[in-house]
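Biologist: I would like to learn how to read a model of a protein, one feature at a time. Could you give me the general idea for each feature before you turn to the case on the screen?

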Amino acid sequence: MRIGTSQAGERGRTPKILGMALLATLTFAVPAYADRDTSTASETTDDVSTSAATTGTASAQATCGSGSYDAEVYTNDGSWIARNGSTTVYSGGDMRAATQAAVNSLTAGRQSKERVVLWNSGTMSASSSIDLPSYTVLDSCGTIDVTGGVSANNAVVRGRDADHVEVQHLSVTGAPYFGVFFRNGDDIHLGQIDLRLSGGLGIRIDNHGDRGELTTNVRIDDVYVSGTDNHGVETYGVDGLTVGTVVARDVAYSGLLLNDTTNATVGTVDAQNAGTGTGYAAFRMANRNGRVNGSYPTNIHVDEVIARGGGRGVFCVSESGGAVIDNIDIANTGNNAILVENCYNVEIAAESGQVTGPGTIRLAARSEFPVTRNVTLHNLTVTDSAIVENPCGDNITITNNTLENSYRDVC
């Protein structure tokens, strides 16, 4: 592996969360090569709030660009340069093309990871993608602004049938089709991802290239996503998912949506105004999420869901289940605070929680699926709301809840 040079003064995109405040201040410096534009780009993000501690691994939270790399991309006198060691593999006006050239310059047929560092901010078309093949690491230290009209299935960073890939840092603005999109693969790791969008879907990881093969071993450390006209983060057909923190602000649909996903561990989902005016939720499980070989053993674990405003706080639907949510903090949703509909083996507020209306807590079922069963709802303080079960479920436990200006209408 060729060793690149990085300056000690660089600052990455790692969120720093103390109590209820997160202030991410980003300053990036390029390596001091003589033929390099040596100006330092400084960027500052807006404040966001969350109660979650940053949960990414040490490697994901390392300073952006630090350590060794095999190829790099940077600006010089208005041009983009891609270089692999001492060899220039691209020189021109297109940041995306330069980054793709750097990726394509890595060792063909490699069986171990090689790394590309993109040092500077730039723009790319919404009808194009940076494609990562297997055994590739991308570290993007500036902000990528997406411009122009979208075309389907393009993403700022995309991988198809790609195994052992990482996106260590990524910041995106604009309206891409997807911010990050991986379809069918194994060992996918997203580190510190910041998506401040004006449309599109933030992150989607699925198996829809070959529905017979699940996408496996996915890790997402910490995501901030805002302004989508779709979901913040979505999975579909994934087995083995670990998520640290998803902070969602003003996304049109769900903050975090798990479809047909099994063996998932989630730290915190913190959403404000997710799915406003819709039935979507800060955290949603759908399409047989958590179903394993036709049954619902406990295999989905969420530490905390925080929701303010928006559509719903928590929504489990369409034969999903096998889930435990430890802590709940939901207030002022325009639809149900919590809706469990045709779901099985679900425990809500295993540790504690609070729900403040006007959104209600409802256990329900549609006629096309078996009735809701094996649901436990407990340890909640419910204020200005209600707990309603209609129609009656099977083996429903509603206990140890404190009702303040609220009522129960259960079977």
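Modeller: Let us begin with disulfides, where the rule is that a disulfide is a pair of cysteine sulfur atoms within 2.5 Å. Before we apply it, note that this is a predicted model, in which local features need pLDDT of at least 70 and side-chain atom pairs count only at pLDDT 80 or more, while totals for chains, interfaces and linings use all residues. Residues are numbered from 1 along each chain as its sequence is written, and side-chain values use heavy atoms, with hydrogens and water left out.

Biologist: How many disulfides does the rule give here, and what is the pairing when the bonded cysteines are numbered in sequence order?

Modeller: The count comes to 3 disulfides, and the pairing in sequence order is 1-2, 3-4, 5-6. One of them joins Cys316 to Cys343, with 2.2 Å from S to S, and the torsion of -110° about the S-S bond goes with a left-handed link. To place the two ends we need strands and helices, which are DSSP runs numbered from the N terminus (helices H or I of at least four residues, strands E of at least two). Cys316 is in strand E22 and Cys343 in strand E25 (residues 343-356), so that this link joins distant parts of the chain, 27 residues apart.

Biologist: Are Cys316 and Cys343 buried or exposed?

Modeller: The general idea is that buried means under 20% relative accessible area, exposed over 50%, and partly exposed in between, computed with a 1.4 Å probe on protein chains only. Cys316 is buried at 1%, and Cys343 is buried at 0%.

Biologist: What can be said of the link between Cys64 and Cys141?

Modeller: The sulfur atoms of Cys64 and Cys141 are 2.1 Å apart, and the torsion about their S-S bond is about -95°, so this disulfide is left-handed. It links distant parts of the chain, with Cys64 in the loop between E5 and E6 and Cys141 in the loop between strand E12 (136-140) and strand E13 (144-147), 77 residues apart. Cys64 counts as buried at 1% relative accessibility, and Cys141 counts as buried at 1%.

Biologist: And how exposed are Cys392 and Cys411?

Modeller: Cys392 is partly exposed, with a relative accessible area of 45%, whereas Cys411 counts as exposed at 55%. A disulfide joins Cys392 to Cys411, with 1.9 Å from S to S, and this link is left-handed, with -95° about the S-S bond.

Biologist: Let us turn to rings. How many aromatic pairs does a search of the whole structure find?

Modeller: Rings of Phe, Tyr and Trp (its six-membered ring) pair if their centres lie within 6.5 Å, and planes under 30 degrees apart count as stacked, over 60 as edge-to-face and the rest as tilted. The search of the whole structure finds 5 aromatic pairs. Among them, Tyr69 and Trp119 are edge-to-face, 5.9 Å centre to centre with 80° between the planes. Tyr69 lies in the loop between strand E5 (48-49) and strand E6 (71-76), and Trp119 in the loop between strand E9 (114-118) and strand E10 (122-125), so the pair ties together parts that are 50 residues apart in sequence. Both Tyr69 and Trp119 are buried. The rings of Tyr177 and Phe178 have centres 4.9 Å apart and planes at 85°, so this pair too is edge-to-face. Tyr177 is partly exposed at 31%, while Phe178 is buried at 6%, and ring pairs link Tyr177, Phe178 and Phe181 into a cluster.

Biologist: Which charged residue sits over the ring of Tyr224?

Modeller: A charge sits over a ring if NZ of Lys or CZ of Arg is within 6 Å of the ring centre and within 35 degrees of the ring normal. The charged end of Arg196 sits over the ring of Tyr224, 4.1 Å from its centre, and Arg373 lies over the face of Tyr344, at 4.2 Å from the ring centre.

Biologist: Finally, which strands pair with E20?

Modeller: Two strands pair if DSSP finds at least two bridges between them. Strand E19 (residues 256-272) runs parallel to E20 and is joined to it by 4 bridges, and Leu258 has Met285 of E20 as its bridge partner. E20 also pairs with strand E22 (residues 312-316) in the parallel sense over 4 bridges. In strand E20 (residues 281-286), 6 of its 6 residues are buried.
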